[in-house]
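This report describes a protein chain through its charged pairs, its helices and its surface. The sequence and structure are shown first.

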Amino acid sequence: MTALARPDVRSTTRRGLLRLRAALLGVTALVLLSSWYAFDNVHDTIDTVRDRSAPALLEAAVARSALAEADSVAIRSFSSGEAQLIGPGDRYQNQIAVASQAIAQVAEDNTLGEAGSKQLRVVAGLVVAYTGWVEQADAHYRQGGGSTSLAAVDLWYASRLLHEPESGVLAQFDELVKAQHDALGGQLSGSSTTFWRGLLVAVPILALLVLLVVAQRFLRHRFRRSWNLPLVFATVVLAGCGAITVFGVLAQQEVETAADELRQVTSTWDGQITTTRAEAQEELKNLVTKICAAADGGCGDTVVRFLSDLRQTGTPEPVPDKALTDAARHVNASVAAADDYSGLETLLPIGAVLIGLAVLLGLHPRIQEYRYERR
């Protein structure tokens, strides 16, 4: 009776070992796929934020600030009379050049597809029209006499083109920046550590850990051995893969923090632009009022309504340019720091291969002991 039962025991043990090996190798593959997907998804997001989203938002802020500053400088030059000698001035030209270069960079880093490109082309065209009005104002102002009032009207048209609440250059930029912030939020949500994404990674790792423990207990029960060293090694490597995945979660948190800093920087820049715009518009109001007072019949109802709308309101305290530049650099450094863990990605497939080899080495000798089972 014992002799007949023995092959059944051997057969059952071998089948159990084969099934255990297949389960371990299959779940190891799942661990690799889920961990790789989660880690790679996070760092793809970081790459997009670092290479495109963050530069586009910062350059858009630079362009808006440069345009507002150029307008302020031009108005101040005409208001003070310096335009008679130097026109809008070198500083105006420099700011327009900075704005044009920043707009080109935003177009290169555009994350909004064709819709963003179309809006940027509109903005670039409006900037060209704006500079055309300023150049025409300069030409009229240098002629002197009655042409001075024409210069004021040209400057008024230029400023309206820049500051018009819905269709002006800065308003177009506001819409573009808002859309870019929305796109940034979508990019971050695409790799954020949600409950379900956490389960996607944690369940295979926990399942493999449980199977490794079951394998150890099975071998201890059947073969009376305390530890199977290859399986112990596989457990240690699995812990390392889990730690690498945690680094991916930390990287996601770091890039989200950097994105919050980016929103704060662009918000501060908005406040700076608001201050510059308010000062420029007040200066323009004084200039147009002075010229209209000297003109026969004034400047007309349209200009009067325009002047009545230019009420000085409370504006934020100006922020030093160096502080804004330092804040922008800190954002870039924070995004770059979030990508420090990207090199660990290659360790995941290496870890999976090591776990697979350890499973084979740990179980193969035991399976071989039962290779002569009865058919």
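## A salt bridge between exposed residues

In this predicted model, Glu114 and Arg121 are joined through their side chains by a salt bridge, with an N to O distance of 2.9 Å. Glu114 is exposed, and Arg121 is exposed as well. Side chains of opposite charge can pair when their charged atoms come close.

By the rule applied here, a side-chain nitrogen of Lys or Arg within 4 Å of a carboxyl oxygen of Asp or Glu, the count of salt bridges is seven. One of the pairs is Arg91 with Glu69, whose closest N and O atoms lie 2.6 Å apart. This pair links distant parts of the chain, since Arg91 belongs to helix H3 and Glu69 to helix H1, 22 residues apart. The two partners fall into separate accessibility classes: Arg91 has a relative accessible area of 47% and is partly exposed, while Glu69, with 17%, is buried.

Arg50 and Asp47 are three residues apart in helix H1, so about one helical turn separates them. Arg50 has 30% relative accessibility and counts as partly exposed; Asp47, at 26%, is likewise partly exposed. Through salt bridges that share partners, Asp47, Arg50 and Asp51 are joined into one network.

Helix H3 covers residues 90-108, a run of 19 residues. From its first C-alpha to its last it reaches 27 Å, close to the 27 Å expected at 1.5 Å a residue.

How are the buried residues of H3 placed around its axis? The buried residues are Tyr92, Gln95, Ile96, Ala99, Ala102, Ile103 and Val106. Viewed down the axis of H3, they fall within an arc of 130°, and therefore line one face of the helix. The face of H3 turned away from this buried side carries the exposed residues Asp90, Gln101 and Glu108.

## A nonpolar surface patch

Helix H11, residues 347-369, supplies the largest share of the patch, with six residues.

Leu25 lies in helix H1, which spans residues 2-80. With a relative accessibility of 32%, Leu25 counts as partly exposed.

## The chain as a whole

The protein chain contains eleven helices and zero strands. Along the sequence, its pattern reads α-α-α-α-α-α-α-α-α-α-α. Contacts between residues at least 6 apart in sequence join residues at least 24 apart in 84% of cases.

The protein chain has 375 residues, of which 44% count as buried.

Conventions
Residues are numbered from 1 along each chain as its sequence is written. This is a predicted model: local features need pLDDT of at least 70, side-chain atom pairs count only at pLDDT 80 or more; totals for chains, interfaces and linings use all residues. Side-chain values use heavy atoms; hydrogens and water are left out. Helices (H or I, at least four residues) and strands (E, at least two) are DSSP runs, numbered from the N terminus. Buried means under 20% relative accessible area, exposed over 50%, partly exposed in between (1.4 Å probe, protein chains only). The expected span of a helix is 1.5 Å times one less than its number of residues. The arc is that of the directions from the helix axis to the C-beta atoms. Contact means heavy atoms within 4.5 Å.
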